[in-house]
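Subject: Structure handover

Hello,

The structure we spoke about is below, followed by notes on what was found in it. Please read the notes with the model open.

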Amino acid sequence: KYYCDYCDTYLTHDSPSVRKTHNGGRKHKENVRIYYTKWMEDQAQSLIDQTTADEAKQSASLPGVDPPACQRDASDGGQGTTRNGHDGGTNDFSWTSPHERTYWARWGRSLR
């Protein structure tokens, strides 16, 4: 017997013609597409998780650098002020420290 991993089924006869017919079938092709789509999504999520963890380690290793000031503080009820009270206007960069500017410049992100 031949077992198809994608379809989770056994073929009754193990001959090249039966395998060829099975592998050319609509359901088998759909199962293969689903399998590799899921595999690619898992790989992408793994890469995202790894990158996020690496960035967190990197930012934690910079001495004297708090999380970016432009992150919103939940204590104001989401009213749009930053953790240090600024409203985050377009040209309001006075709230950044030299260390924060270095962090953002290093990682290529804008201050907004």
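His28 touches Cys4, Tyr6, Cys7, His22 and Asn23, leaving aside residues up to four places away in sequence; a contact here means heavy atoms within 4.5 Å. This is a predicted model, in which local features need pLDDT of at least 70 and side-chain atom pairs count only at pLDDT 80 or more, while totals for chains, interfaces and linings use all residues. Residues are numbered from 1 along each chain as its sequence is written, and side-chain values use heavy atoms, with hydrogens and water left out.

His28 itself lies in helix H2. Its relative accessibility is 9%, so His28 counts as buried (buried is under 20% relative accessible area, exposed is over 50%, and partly exposed is in between, with a 1.4 Å probe and protein chains only). The side chains of His28 and His22 are joined by a polar contact of 3.2 Å. A polar contact is a pair of N or O atoms within 3.5 Å; within protein, one must be able to donate a hydrogen and the other to accept it, and residues adjacent in sequence count only if both atoms are side-chain atoms.

Glu30 is also placed in helix H2, which covers residues 26-61. Glu30 counts as partly exposed because its relative accessibility is 34%. Its side chain makes a polar contact of 2.6 Å with that of Arg33.

Asp8 sits in the loop between strand S1 (2-4) and strand S2 (9-11). Although Asp8 is not a glycine, it has a positive phi of about 55°. At 56% relative accessibility, Asp8 counts as exposed.

As for the chain as a whole, it has three helices and two strands, in the order β-β-α-α-α along the sequence. Helices (H or I, at least four residues) and strands (E, at least two) are DSSP runs, numbered from the N terminus. The protein chain has 112 residues, of which 15% are buried. Of the contacts between residues at least 6 apart in sequence, 33% join residues at least 24 apart. The chain exposes about 8500 Å², and carbon and sulfur atoms supply 53% of that area; accessible areas come from the Shrake-Rupley method with a 1.4 Å probe, and for residues only the protein chains shown count as cover.

Regards
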